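Have it open while you read, and skip to whichever point you need.

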Amino acid sequence: MSRFTDLLARAGLPLGPDRAARFATAITVLTPTTLADLRRCALITLTSDPTHVSIVDSVFTTVFDDLADPAEERGQRGTPNNPATPRATSPTSALPDATPGAAGTTMEFAASASATERLSNRDFADLTPAELATLVVAMHRFALRTPPRRTRRHHTARRGTRTDLRRTLSQARRTAGEPVHLMRSTRRDRPRKLVVLCDISGSMAPYARAMLQLLYCATGGARAEVFTFATRLTRLTRALTHPTPSAALARAGRTAPDWSGGTRIAAALAALDHNVTRGAVVLIISDGWETGDPTELATQMAQLSRLAHRVVWANPRTARPSYRPLAGGMAAAWPYCDAIVSAHNLDALDDLIDALAGRRSLRGADRQTSQFGSRQVAGDHPLHPPVAGRAGGSSPAP
Amino acid sequence: MTDLDVPTLRAALDAANYLADDALSTALLLAVRMGQPLLLEGEPGVGKTAAARALATALDTTLIRLQCYEGLSAAEALYEWNYPRQLLAIRLAESRGDPLHDADLFTEDYLLSRPLLSAITHPGPRPAVLLIDEVDRADDEFEAFLLELLADAAVTIPELGTRTATLTPVVVLTSNRTRDLHDALKRRCLYHWITHPDTTRVAEIIRRRVPAAADWLAPRVATAVSRLRHENLVKPPGVAEAISWATALHVLGFPALNEHSANATLGAVLKYPEDVDTARTTGLATLVHTDA
Ligand SMILES: Nc1ncnc2c1ncn2[C@@H]1O[C@H](COP(=O)(O)OP(=O)(O)OP(=O)(O)O)[C@@H](O)[C@H]1O
Ligand SMILES: [Mg+2]
């Protein structure tokens with residue numbers, strides 16, 4: 001078993017000795033006689049998230065390659081009367097150490113680790129679907145976090161807004177049962193909602209796939225609302241809760257049919273419910289090639305920047321040092337963004353993570369594209385007309 | 001419960017009118033036999049809550065349920081002192097001129113047991129099934145004391161001491177993934193993602209849940225629901241919606257599932273006006289037609 005768990009740990013699964021021990025216990029409790037049983041023990045004891053399920057599944061398949069019945073797909077199990085019956089194997093031959101392919105598997109994983117290194121600075125648009133898929137494990141290590149907001153949760157505080165009965169009473173015992181000192185409680189913080197708008201029109205499609213894969217891996221669907229747009233706005237959140245990234249992306253593809261065609265960013269923003277964006281951290285992923293009227297985009301962005309807590313724009317074109325926001329849309333939107341990042345390859349994702357968390361230390365800060373827009377100047381004054389091409393605080397390098 | 005196996009548990013769940021596949025039955029069995037909490041996740045209405053209920057029935061024991069919500073506190077989940085009674089006692093003692101000590105006020109008599117304490121102190125004969133439903137709706141602080149409880153199967157009441165379970169409850173947690181749970185909590189739990197059942201099983205579940213309905217109804221509704229799930233919907237119908245659609249068709253006495261009856265009952269299966277529009281655009285006739 002140790003090789004199996006080693007491989008899982010290497011694939012990025014948080015796997016302490018407690019989990020490995022639990023897996024072993026499950027095996028002694030169930031004494032699995034089929035690979036299907038063994039796989040179930042592994043899934044139940046080693047995962048805690050739909051994204052882990054895909055990792056365990058693929059490592060299991062790799063380790064037990066020769067033995068596994070390919071028809072036995074998780075979630076596609078048979079009906080009660082017609083259970084999928086994978087080939088029965090004795091428990092001993094099911095052990096990875098007894099598997100001929102085990103040594104080869106280690107090689108494969110080592111290869112995948114170096115592949116990640118090799119791919120980390122390649123533009124997402126240049127990756128084949130298979131190469132992109134190998135980045136799943138690396139992306140799983142990122143954690144998209146947003147800054148906190150206050151909640152309805154209360155805890156004791158001197159100047160709180162709510163009366164705390166328990167404490168008031170314990171005080172009252174010192175004053176002959178008269179509740180004279182009202183004890184108060186106040187609110188707690190929790191992370192803000194993340195709202196993602198992903199442009200899936202023609203040239204953006206490869207980045208969109210990469211970004212959706214990142215969202216899938218790094219948020220596990222938690223508190224992120226994901227929409228795609230090209231010509232119309234489509235809500236994808238649910239598609240991303242699928243247990244495997246490939247199923248999630250396939251579903252996303254089916255859900256959002258317009259993977260090509262023109263881009264109407266302003267219309268997409270206009271279609272967004274204000275209750276979704278209010279107080280949220282909003283991430284827009286687009287190259288800013290608006291086919292509609294840039295003035296309309298500026299109006300929508302102004303409104304969005306007032307509603308949202310932060311607006312972050314990821315534009316892969318900004319990766320080039322020579323980039324200028326000349327595309328009408330990007331220029332119009334620029335003043336209303338709190339941060340603009342490229343997020344065009346694996347290495348660039350740190351900037352994105354920092355921008356979403358509201359940390360100012362952007363790695364590419366020496367590039368004009370990674371600086372902050374002048375939201376304080378333009379965004380907070382609805383009457384201040386945004387000037388196309390004038391990205392306050394980040395004037396183009398000479 | 002130590003000799004319980006997967007087929008036996010699955011049959012017992014079936015007898016409780018819950019159709020579980022091998023994966024879910026195994027997860028529930030391991031939760032029982034290993035004494036580890038089980039975290040169940042899956043789409044809304046896929047049968048997470050019902051699984052825990054059915055488990056209690058299958059094990060012939062009590063279900064104790066804690067429904068979580070934002071702001072859920074220890075006082076609502078664990079225990080609370082009966083303050084009005086205590087206050088009265090203090091007043092009474094004052095009027096008599098008796099001195100009252102803390103020890104007199106913080107006794108069993110003034111203790112109100114909430115679900116978590118009830119599960120720990122459950123007298124048996126078998127351990128209770130403790131369902132902590134939609135734990136993602138509660139917040140971090142709640143998770144912290146939940147963790148303590150799960151770690152030791154014990155609750156400490158400062159005034160009374162520690163209550164340790166003589167019968168460790170079988171704990172099932174459910175989450176709809178509206179937020180990430182603490183790693184520490186997840187690490188402590190077994191895990192299972194309930195997938196949406198295939199069309200045959202959906203039909204079988206409908207038969208179980210709407211037993212009075214005509215024979216044609218279950219397979220037709222199951223097929224139509226499966227087609228709807230391939231549409232681009234805000235809320236694709238789950239098991240719960242399949243059941244309520246079948247119930248509506250049955251109660252309203254429609255003789256068949258066709259464009260007309262689908263139109264009249266669409267609200268039972270699609271919850272968003274946008275989804276109703278999408279279904280109408282595809283065409284109700286297409287969505288409910290027979291394969292034959
Ligand atoms: N496998 C099953 N066998 C029998 N009935 C089922 C099954 N799955 C779901 N149901 C029925 O479907 C309905 C919805 O299930 P339930 O309320 O447990 O879903 P849930 O996952 O808890 O949903 P939510 O996320 O909204 O809380 C219930 O009436 C339940 O009895
Ligand atoms: Mg439920």
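1. Ground rules. This is a predicted model, in which local features need pLDDT of at least 70 and side-chain atom pairs count only at pLDDT 80 or more, while totals for chains, interfaces and linings use all residues. Residues are numbered from 1 along each chain as its sequence is written, with chains lettered from A and ligands numbered from 1 in the order in which they are written.

2. Strand β8 of chain B. Start with residues 170-175, where 6 of 6 are buried. Buried means that 20 or more other C-beta atoms lie within 10 Å of a residue's own, exposed means 12 or fewer, and partly exposed is in between, with C-beta atoms placed from the backbone. B:V170, B:V172 and B:T174 point one way, and B:V171, B:L173 and B:S175 the other. Strands here are DSSP runs of E with at least two residues, helices are runs of H or I with at least four, and both are numbered from the N terminus.

3. Its partners. β8(B) runs parallel to β1(B), joined by 4 bridges, and B:L39 sits opposite B:L173. It also pairs in the parallel sense with β5(B), again over 4 bridges, with B:V129 facing B:V170. Pairing requires at least two DSSP bridges between the strands.

4. Strand β9 of chain B. β1(B), residues 38-41, pairs with β9(B) too, parallel and over 4 bridges; B:L40 is opposite B:H192 there. Is β9(B) covered on one face or both? Both: B:L190 and B:H192 on one side, and B:Y191 and B:W193 on the other, are all buried.

5. Cores. The largest nonpolar core has 108 residues, and B:L55, B:V172, B:I206 and B:V221 have the most contacts inside it. Such a core is a set of buried Ala, Val, Leu, Ile, Met, Phe, Trp, Tyr and Cys residues joined through C-beta atoms within 7 Å. Apart from it lies another core of 66 residues, including A:L135 and A:Y207.

6. Ligand 1. Its shell holds 19 residues, the closest being B:G47, B:K48, B:T49, B:A50 and B:A240; to be near, a residue needs its C-beta atom, placed from the backbone, within 6 Å. Helices α3 (48-58), α10 (199-209) and α12 (239-251) of chain B each supply at least two of the shell residues. At least three come from each of domain 1 (6-78 + 114-193) and domain 2 (199-285) of chain B, with bounds from an automatic or database domain assignment.

7. The chain A sheet. This one is open, with 6 strands in the order β6-β5-β4-β7-β8-β9 and mixed pairing. β6 (234-235) and β9 (339-341) of chain A are at the edges with a single partner strand each, so one side of each has no neighbour in the sheet. β5(A), residues 224-229, pairs with β6(A) in the antiparallel sense over 2 bridges, and A:F227 has A:R235 as its bridge partner.

8. Backbone spots to look at. The peptide bond from B:G124 to B:P125 is cis, with omega near 15 degrees; B:P125 lies in the loop between α7 (115-121) and β5 (129-133) of chain B. B:N17, not a glycine, has a positive phi of about 65 degrees and is partly exposed, with 14 other C-beta atoms within 10 Å. B:E134 also has a positive phi, near 55 degrees, and lies in the loop between β5 and α8 (140-152) of chain B.
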